[in-house]
Amino acid sequence: MSVWITLAYLLAAVCFILGLRFLSSPRTARRGNVIAAVGMGVALLATALQVTHNWPYIILGVVIGSVVGVAGARMVKMTAIPQMVALFNGVGGGAAALISTADYLNSAGGQGPSVLIPVVFSAVVGSISFAGSMVAFLKLQEWMTGQPITYPGQQIVNGVIALGIVGIAVYLMTTGSLPAFFVVMVILGLVLGVAFVLPIGGADMPVVISLLNAFTGLAAAATGFVLGNTVLIVAGALVGASGTLLTLLMSRAMGRSIGNVLFSAFGSARAGGAALALGAEGGTVRSGSADDVAVLLAYARSVVIVPGYGLAVAQAQHAVRELADLLEKRGVEVKYAIHPVAGRMPGHMNVLLAEANVPYEQLYEMERINPELERTDVALVVGANDTTNPAAKETPSSPIYGMPIIEVDHAANVVVLKRSMAAGFAGVDNPLYYNPKTTMLFGDAKKSLTDLVNAVKNV
């Protein structure tokens, strides 16, 4: 039986690697999900076959997990996917922390360093990931403010907590069984997870989710060493490595270091800053109708659509695809500009547009589309506030200064679909809306796009 279990774990590991490989492209992402799911099923079955007792608990856990997973996949709207990702990621970190804690308490801390090190590591990192992911979930769900929550001496307090965790961990590994200290260490890990995410603004949530995902992967890999489970080590290492790489790539795409993302309380608008002052000084906003914008779009040679979180909120991906198809029939070249941190999670816009079967060839990353915007007749911005904000390039006093953006202000005409003049998730006003070449089309994005479709048909 052990040979077959080993082969099953090998097959599962191969499935995880292939699944991750296919997930690198929206064109093959669905296939990657299926392959990875098959690998997880094989790993679960192989693990269950090694257990000779507690079958009722195993079956109960599988049933509960399956019901929650299927319900989440089918019932949660696309706008809530980031929250669900944060929630599921936190559950993974929490599970790793619980397993390590149970292993330590059951063995009375009598393991050697080869076991104690991964036990402590998994418990600490898993608890940080769990608590941090819960705060990220609350911010994304808007059950708490998306703005950074800061207080004087915050980084010093966080540093003291981290040093306390390290001190207890070292003490545990050198003195043996101290269950009370272990529990205190886990509680401090939970506190640090909360304190770690609180000062991070909503605009940085994609980076934070990616980083916490890497934490969960590392905790899971350490748990694999605790349990002697090869496939858990492989899966955790893959998640940890890919999450770390994605975090670095996303922070680079924002033009900031990972340290700046995590410790600068980015997204807290500064009173009196130039970006805010522009709106306060009464800049002129030009509002148009669907008929006006339809004429502009219908007679354009090229249109670049810039999707943002407003598109997801309105569930308007199908409407924007219908508008694009209609324009293409009139000979208009249509492209989609994708900012790496648009939305609330990595790849949010790609997933959203894939749901509407937008051709992958029409999706252009920021670096590819920016040089073409100077030759674009119309840039159609759908809810993308912070990722199109010129203050990031032009206003040193702005909190988002230095972040690369989709340079829609270089297009001949800009049309912005937005509910109101309210600031975006970063809490920063957008001077693009006061640009003479910009036309604002106020209202729900889905209704506005539907009105545009009908108006274009009548042009």
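The structure is a predicted model, in which local features require pLDDT of at least 70 and side-chain atom pairs count only at pLDDT 80 or more, whereas totals for chains, interfaces and linings use all residues. Residues are numbered from 1 along each chain as its sequence is written, and side-chain values use heavy atoms, with hydrogens and water left out.

The secondary structure comprises 18 helices and 6 strands, assigned as DSSP runs (helices, H or I, at least four residues; strands, E, at least two) and numbered from the N terminus. The radius of gyration, 25 Å, is close to the 23 Å that the globule rule gives for 459 residues, so the protein is as compact as a globular protein of that length; the radius is taken over C-alpha atoms, and the rule is 2.2 Å times the number of residues to the power 0.38. The C-alpha trace spans about 75 × 50 × 35 Å along its principal axes. Of the 459 residues, 48% count as buried (under 20% relative accessible area, 1.4 Å probe, protein chains only).

Helix 15 covers residues 348-355, with H348, M349, L352 and L353 buried. These four residues lie on the same side of helix 15, because they cover an arc of only 120° around the axis, as given by the directions from the helix axis to the C-beta atoms. The buried residues of helix 15 pack against several elements, including helix 4 (81-106), helix 14 (317-329) and strand 2 (333-338); contact means heavy atoms within 4.5 Å. Just after helix 15, N357 adopts a positive phi of about 60°.

Terms used. Buried means under 20% relative accessible area, exposed over 50%, partly exposed in between (1.4 Å probe, protein chains only).
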